[in-house]
Amino acid sequence: MHDEAQARVLAVRRREEHDHVRSDARVRTVGAPPSLRLPGLVLGVGLGGFVDGILLHQILQWHHMLTSTGSDNVGIPTYPADTVHGLRMNTVWDGVFHTFTWVMVLLGLALLYSRIQHSRGRVWASRALWGWVLAGWGVFNLVEGIVDHHILGIHHVRSGPNELAWDLGFLALGAVLVVAGYLLQRGATYTDATRDRGEA
């Protein structure tokens, strides 16, 4: 009876050790949670566009989407913001612009939700998300600034004698945001509910 009891204890211990090894292997295979790069960048593009539209188009009213038409590079008819017809047309295109930024925010949230659902209890520190959001805002400034201000010329950050300096400053801000966002998310850690803290 004593030998039989010892055999049972040994069998239980072997089974526990085997299960522990399998559990460790599974955790090592799972690794870090899904990257937040894409959802963060898309969210940054949308939120950066909202900052541009709300601050520069509406609060400060430095420009609207078509306020430099007439001196643009593609031959669009003039729509000055100080006439009823011009303001109406600019308001329509500001609405189109805000629709784009709204869709980017929705898409970014959907991507973020999908990544979190597949994270299996592993969650990145907030700096991982906000770093990529800042980088996405910078990408928005760079693309919008190059296309709308320089290639198409349909509007400028602030029209007038110093408009080139304002446009270049807008691009410089975009570059700073990209670099700052990348540095912020670099080395971000994640928390795993089944293990201790890991590093990205």
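Reply: One definition to start: axes are lines fitted to C-alpha atoms, for helices over the stretch in contact, and angles run from 0 to 180 degrees between N-to-C directions. Note also that this is a predicted model.

Me: Is helix 4 roughly parallel or roughly antiparallel to helix 5?
Reply: Helix 4 and helix 5 (residues 163–185) pack with their axes 7 Å apart, at an angle of about 155 degrees. Angles over 145 degrees count as roughly antiparallel. Helix 4 is therefore, relative to helix 5, roughly antiparallel.

Me: How many nonpolar residues are in the contact of helix 4 with helix 5?
Reply: Helix 4 passes helix 5 in a left-handed crossing. Their contact includes nine polar and three charged residues. The nonpolar count is 21.

Me: Does Gln185 count as buried or exposed?
Reply: Gln185 lies in helix 5. Its relative accessibility is 12%. The cut-off for buried is under 20%, so Gln185 counts as buried.

Me: Which residues is Gln185 in contact with, leaving aside its neighbours within four places in sequence?
Reply: Contact means heavy atoms within 4.5 Å. With those neighbours set aside, the partners of Gln185 are Arg127, Ala128, Gly131 and Trp132.

Me: What span is expected for helix 3 at 1.5 Å a residue?
Reply: Helix 3 covers residues 84–117, which is 34 residues. From first C-alpha to last, helix 3 reaches 49 Å. That is close to the expected 50 Å.

Me: Which helices are among what covers the buried residues of helix 3?
Reply: The buried residues of helix 3 include Asn90, Phe97, Met104 and Leu112. The cover includes helix 2 (37–59) and helix 4 (126–152).

Terms used. Residues are numbered from 1 along each chain as its sequence is written. This is a predicted model: local features need pLDDT of at least 70, side-chain atom pairs count only at pLDDT 80 or more; totals for chains, interfaces and linings use all residues. Side-chain values use heavy atoms; hydrogens and water are left out. Helices (H or I, at least four residues) and strands (E, at least two) are DSSP runs, numbered from the N terminus. The expected span of a helix is 1.5 Å times one less than its number of residues. Buried means under 20% relative accessible area, exposed over 50%, partly exposed in between (1.4 Å probe, protein chains only). Angles under 35 degrees count as roughly parallel, over 145 as roughly antiparallel, 65 to 115 as roughly perpendicular and the rest as oblique. A crossing is left-handed if the near helix is turned anticlockwise from the far one by less than a right angle, and right-handed if clockwise. Ala, Val, Leu, Ile, Met, Phe, Trp, Tyr, Cys and Pro count as nonpolar, Asp, Glu, Lys and Arg as charged, and the others, Gly among them, as polar.
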